[in-house]
Amino acid sequence: MKLKLVKPEEKYIDEIALFRKEFIDNASSMDGTSSLKRMENINDWLEEVRMFADESTVPEGMVPSSQFLALDEEGTLVGAIQIRHRFNDFLEKYGGHIGYCVRPSERRKGYAKKMLEMILPYCRELGMEKVLITCLEENEASAKTIIANGGVYEYTVHEPNADVKLKRYWIKL
């Protein structure tokens with residue numbers, strides 16, 4: 001499988017719009033995309049991604065992050081993955097360092113596993129020694145993806161705002 005991770009840029013606006021639409025049409029969550037699901041204007045989202053990438057422009061209470069798009073060999077946007085460079089209280093309890101999603105029509109093809117594998121060296125470059133990743137208790141596919149990349153289950157926590165149970169996994173880098 002050929003897959004490349006790229007930073008979001010204006011040249012991907014059409015692909016990002018199609019990606020976003022597919023998630024909305026399928027009522028599917030878009031983990032690891034910041035607020036893309038809420039933002040109709042892709043340029044606004046790109047600006048937010050740039051703002052979060054720089055420690056000096058991250059909104060108060062938030063953490064810097066690096067956003068990547070996963071493109072297949074035809075240039076189709078098949079997934080997105082985000083690294084949060086450090087924790088705030090919420091991320092430490094419920095969110096973790098890494099969030100990702102694969103568009104509904106491209107699931108069960110190994111993209112999530114490959115995206116996570118490809119992003120771990122970048123996490124090392126950021127100085128991380130281990131990363132926390134969480135997934136919904138019932139999301140077997142995500143749990144398998146995390147475990148396949150070295151994830152070790154810690155425990156399950158209840159996130160009260162969304163009223164969901166999240167499994168916590170650590171990956172040593």
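Predicted model: local features only at pLDDT ≥ 70, side-chain atom pairs only at ≥ 80, totals over all residues.
Which helices and strands each supply at least two residues of the lining of the largest pocket? Read on to the last view.

View 1. Residues are numbered from 1 along each chain as its sequence is written, and side-chain values use heavy atoms, leaving out hydrogens and water. The order is β1-β2-β3-β4, paired antiparallel (strands are DSSP E runs of at least two residues, helices H or I runs of at least four; pairing takes at least two DSSP bridges). β1 (3-6) and β4 (98-102) each have a single partner strand, so one side of each lacks a neighbour in the sheet.

**View 2. β1 meets β2.** Four bridges join β1 to the antiparallel β2 (residues 65-72), and L3 sits opposite D72 in β2.

**View 3. β5 pairs with β7.** Seven bridges link β5 (residues 130-136) and β7 (residues 164-172) in the antiparallel sense; L132 has W170 as its bridge partner in β7.

**View 4. The largest pocket.** Here's the answer: β3, α3 (89-95), β4, α4, β5, α5 (140-148) and β7 each supply at least two lining residues. A pocket is an open set of points on a 1 Å grid over the protein atoms alone, where a 1.4 Å probe fits, with protein on both sides within 12 Å along at least five of seven lines; lining residues have an atom within 4 Å of a point. The lining has 48 residues, with S29, M30, D31, G32 and Y100 nearest the centre.
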